[in-house]
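Trainee: Could we go through this one together? I'd like to start with the core and then follow up from there.

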Amino acid sequence: MKKADRKRSVPLLELAHARSGDKGDTANVGLIALKPEYYPILVKHVTAARVARHFKGMISGPVERYELPNLHALNFLLHGALDGGGTISLKTDAQGKVFSTALLRLELELPK
Amino acid sequence: MKPRSATVRIAAGQGFWGDWLEAPYRQVTGGPVDYLMMDYLAEVTMSILQKQKSRDPSLGYAKDFIPLMERILPIVAERRIKITANAGGVNPRGCAQAVAEVARRLRLSGKLRIGVVTGDDLLGRLDGLLARGHELRNLDTNQRLADVRDRVVSANAYLGAWPVVDALRRGADVVVTGRVTDTGLTLAPMIHAFGWRPDAWDLLAAGTVAGHTIECGAQCSGGNCLVDWERIPDLANVGYPIVEAAPDGTFEITKHPGTGGRISVAGVTEQLVYEMGNPGEYITPDCIADFTTIRLEQHGKDRVRVSGVRGRPATDKLKVSIGYFYGYKAVGTLVYAWPDAYQKAQAADRILRQRLADLGLKFESVLTEFVGADATHGPLARASAPLDQLPEVQLRIGVRSPDRAAVDRFTREIAPLILNGPPSVTGFAGGRPKPEEIVAYWPALLDKGMVEPCVEVVDV
């Protein structure tokens, strides 16, 4: 049996909810486990590098990740996400309000 | 000194300038509260207000605050509810004067004291500060303020809770401030009610977390909440949040009975992570709060208990919010209908860009979005949506330039596409877009000693 057969694809939307906002040209996405037992899965699989790959072409800077185990949440800072941010930005989502659900489009490859 | 109360109830009435006008009225009439807290100032609001003040020196504050006060002052005076609000913008004294006039008209003379907090406005002091070596470098880009000094339109230090506490101690019923932090407006009543000390870092951090939780109004009571959003009840009558704080720094988030919305751990958590940087150090003028220490538990229906918050000493800096003129921008839109809506919108974009290039117009940025296809989720959406069958797509093009004439010419290149571009196009009823001046945000730090808050309390 191939290794890929022992994995299943799970949309992040089924494991977490999220809210996002802005600080200058940086969008922040708070990612919150829907159940406490999902939090370790988020910590292991939703890494800064994975999120940076997910948003490739949408952000120009690096991704930082912070852990809030007390709230079963991760906080991501997406630098260079808002076309300059605030009043400078020409984007519909100049304040990064819906980067939250954009992150929830991520598909995780989890063991069956 | 009046006896220290067991708990104090602080109600959020406005999460930003432009928030629901009914919310403050409902907060003071829907059940018992001790304080009404209202946050009016977003990052660029100060520069908008500065512009208004430069045209009319009596303006420069949140004008909506005055008719609101007219509506609720008789109620809050009777119920002894105190108000903290940063509605003063760049003219807190003018704002306080307008509130006093309203109070006198309502025959509240002798029954109301108004506190005014100023000292945050640094615009007139900028050259002196720069000359003395305070560089006010941009926190994001590290650029020196001197590089854009001639384009600065506003500069305000973020003040914390303590000047507001001072006003409350001197008997103010309504405290009108300039650029006081959102969180300080909630923390101040707690410090005042419980006699918290300036170095009680855990308590100050707890009050700061309470402030962060309710500073966006209904965003912690069911508004903009992703979890279970379809089943959050009666958002038409959403109850704005109330902090019920105890002297030991624990508090509960709740709302008035009979209101809509929901107070849940999931919803409060969404608000806690909103606009969050490093959760281990949420820095305010009053303390550093550690958001990784917050404990939440559902404590009954529409009631979340918050405890465990730890804090650290405040830094010796204040954040300064500076607005400076950046350039011009404009955004134009057209709507293309099925069939091939997306392809038509793409073709129109290519034609428009070629015309802009042929005219030799120079822009710092030209951004195209296809609303209905990829405007919010970009390539992530394009990868999953059936783009060839969309019923309609809005072409949305924005340009930005230091050259006003270039932006102005762009605004005249949209309408012609209706008759000389791809077919099935509509949605131009709004007319030609208007070039807009961009006042950009410049965050910086300044030594605390350079800023002297000023507190005045006057009888009406």
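**Core, helix and contact**

Mentor: The largest nonpolar core has 154 residues, and those with the most contacts inside it are L31(A), L78(A), L36(B), V99(B), I114(B), V164(B) and V176(B). Such a core is a set of buried Ala, Val, Leu, Ile, Met, Phe, Trp, Tyr and Cys residues joined through C-beta atoms within 7 Å. A residue is buried if 20 or more other C-beta atoms lie within 10 Å of its own, exposed if 12 or fewer, and partly exposed in between, with C-beta atoms placed from the backbone. This is a predicted model, in which local features need pLDDT of at least 70 and side-chain atom pairs count only at pLDDT 80 or more, while totals for chains, interfaces and linings use all residues. Residues are numbered from 1 along each chain as its sequence is written, and chains are lettered from A and ligands numbered from 1 in the order in which they are written.

Trainee: Which domains of chain B does this core draw on?

Mentor: It draws at least three residues from each of domain 1 (8–120 + 158–315) and domain 2 (325–441) of chain B, with bounds that come from an automatic or database domain assignment.

Trainee: And what is V99(B) in contact with?

Mentor: Leaving aside neighbours within four places in sequence, V99(B) is in contact with I66(B), M69(B), I114(B), V174(B) and V176(B), where contact means C-beta atoms, placed from the backbone, within 7 Å.

Trainee: Switching to helix 10 of chain B, which residues are buried?

Mentor: They are A341(B), Y342(B), K344(B), A345(B), A348(B), D349(B) and L352(B). The face turned away from the buried side carries the exposed residues R350(B), Q354(B), A357(B) and D358(B).

Trainee: What covers the buried side?

Mentor: The cover includes strand 14 (317–337), strand 15 (365–371), strand 16 (392–401) and helix 13 (416–420) of chain B. Helices (H or I, at least four residues) and strands (E, at least two) are DSSP runs, numbered from the N terminus.

Trainee: How many residues does each chain give to the contact?

Mentor: Chain A gives 32 residues and chain B gives 43 residues. On the side of chain A that touches chain B, strand 2 of chain A gives the most, with six residues.

Technical notes: Contact = placed C-beta atoms within 7 Å.
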